[in-house]
Amino acid sequence: MAEKNYKRYFQFFLIVLAAGSIFPLIYLKTNYQETILEVYGITLKQLNGIFSVLGVAYLVGYSPSGWLADRFSAKKLLFISLLVCGLTGLWFAQVPSYSMVLVIFGIWGFFSVFTFWAAHLKLVKLISKKEEEGRFFGALDGGRGLVEAILASIALFIFTNVLGDSTELVHKKEALQFVVYMYSAALILVSVLILFFVKEDKSSIKKESSSKAAETSKKINVNDFKQLFSNKFIWLLGGIIFMSYIVTWAVYYQGGFLQTNIKIDAATVGEVTVLMLWMRPIGGLLGGFLGDKFGKSSILMIALGLAATFLIAISILPITMPLIYFKIQVVMIGLMIYTIRGLYWSLLGDCKVDEKMLGLAIGVVSFIGYTPDILMPIVNIVLFKTYGPNGGYNGYFIFCACAAILAIFMTLIFRMSVKKEARKSIKPDELIAKNA
């Protein structure tokens, strides 16, 4: 039994390592937005355009990623994803033209979702027991955050040491290039670890293979799609993730807010945002533990409520207040956002989905839930154009707070629906015995 658990945990560790390595390079703007704008010679509007391209690539890849995860080796899918993203990172480090940067982000978006997303989530769902889902999904996001925080700390050390006290563009370029090389090397290294050391869950593979042989050999998955689309829990979970994901987008603009609105230097902003990243393992693990103990939906709603409170507070606080207040706000926003991210996928176990369609379900929910990847850059362009750089950040945070409030209501409906279905499934004699 202990050996079986060890194998599960080791498999989980490798998935976490992969998940924590694949996205930091794509979202480098979290800590280095202003430096990226200077080095690549682009505007904030163009950067938002780049992330719109990324969002389109994500949206194209989500649903097919579920189909792919139900039919091919997860190990090979993860390996391909990490390797392609790492090699493309080496290209990005050469500071290519804006049009080539668009191509790079398109490649990143496709290979970090199509060949990766559903595969890694499905593996976590299959190796976790029902009573462990909160902890496993919380630990997935928390562990991923720990990997990201460690990499971000190394990147900050490299950046500050290469840059030194210089404010020259040539030195900023060199420092940023070293950071990109580090992240790219990490991706390639992890891809090799996945290729040589991942041991796939044999029982799950056999179970999937037998069900696929029985089902897919006879018919196309039209009935699977009908079954999924008639499942109200899939739509509710997609809506919860959609609204919650809008909230999580606030984390990418904390650095820009501190530098533009509060007038903090780039090095200090890097320190604060890296500290915020360290909230991810804390938020993910704490949220998962509390979710299993007190109810996943309850803890998710509390985290959403607190996130809305802090986002509104940071957007209306006078900029003349001591810097420490803004630092605390940013860190607390990070803690709440990462708690949210660690919890919303744990609700998947309550969606009444057959295991043979698990990958497809993840793809469909992801397609609905991660549409903000396309919408949010457009929202930002409108807000910044309407209210200017300073007012744009404030309006953006309030917009995210409103999404958090809507997510609370959707989560409440989801929880009530789950309880209602549970009562329906209880047999009359069991219900009499329970009431007695």
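This is a predicted model: local features need pLDDT of at least 70, side-chain atom pairs count only at pLDDT 80 or more; totals for chains, interfaces and linings use all residues.
Q: Why is helix H11 called roughly antiparallel to helix H16?
A: Helix H11 (residues 232-248) and helix H16 (residues 323-343) pack with their axes 9 Å apart and at an angle of about 150 degrees. Angles over 145 degrees count as roughly antiparallel, and the angle between these two helices therefore makes H11 roughly antiparallel to H16. In passing H16, H11 makes a left-handed crossing.

Q: What makes the contact between H11 and H16, and into which kinds do its residues divide?
A: On the side of H11 the contact is made by Ser244, Val247 and Thr248, and on the side of H16 by Ile337, Ile340 and Arg341. These residues divide into three nonpolar, two polar and one charged.

Q: How do you know that the span of helix H17 agrees with its number of residues?
A: Helix H17 (residues 358-369) has twelve residues, which at 1.5 Å a residue should span 16 Å, and because its end C-alpha atoms are 16 Å apart, the two values agree.

Q: Why is H17 described as mostly covered?
A: Eleven of the twelve residues of H17 are buried, a word that stands for under 20% relative accessible area. Among the buried residues are Leu358, Leu360, Ile362 and Gly369.

Notes: Residues are numbered from 1 along each chain as its sequence is written. Side-chain values use heavy atoms; hydrogens and water are left out. Axes are lines fitted to C-alpha atoms, for helices over the stretch in contact, and angles run from 0 to 180 degrees between N-to-C directions. Helices (H or I, at least four residues) and strands (E, at least two) are DSSP runs, numbered from the N terminus. Angles under 35 degrees count as roughly parallel, over 145 as roughly antiparallel, 65 to 115 as roughly perpendicular and the rest as oblique. A crossing is left-handed if the near helix is turned anticlockwise from the far one by less than a right angle, and right-handed if clockwise. Contact means heavy atoms within 4.5 Å. Ala, Val, Leu, Ile, Met, Phe, Trp, Tyr, Cys and Pro count as nonpolar, Asp, Glu, Lys and Arg as charged, and the others, Gly among them, as polar. The expected span of a helix is 1.5 Å times one less than its number of residues. Buried means under 20% relative accessible area, exposed over 50%, partly exposed in between (1.4 Å probe, protein chains only).
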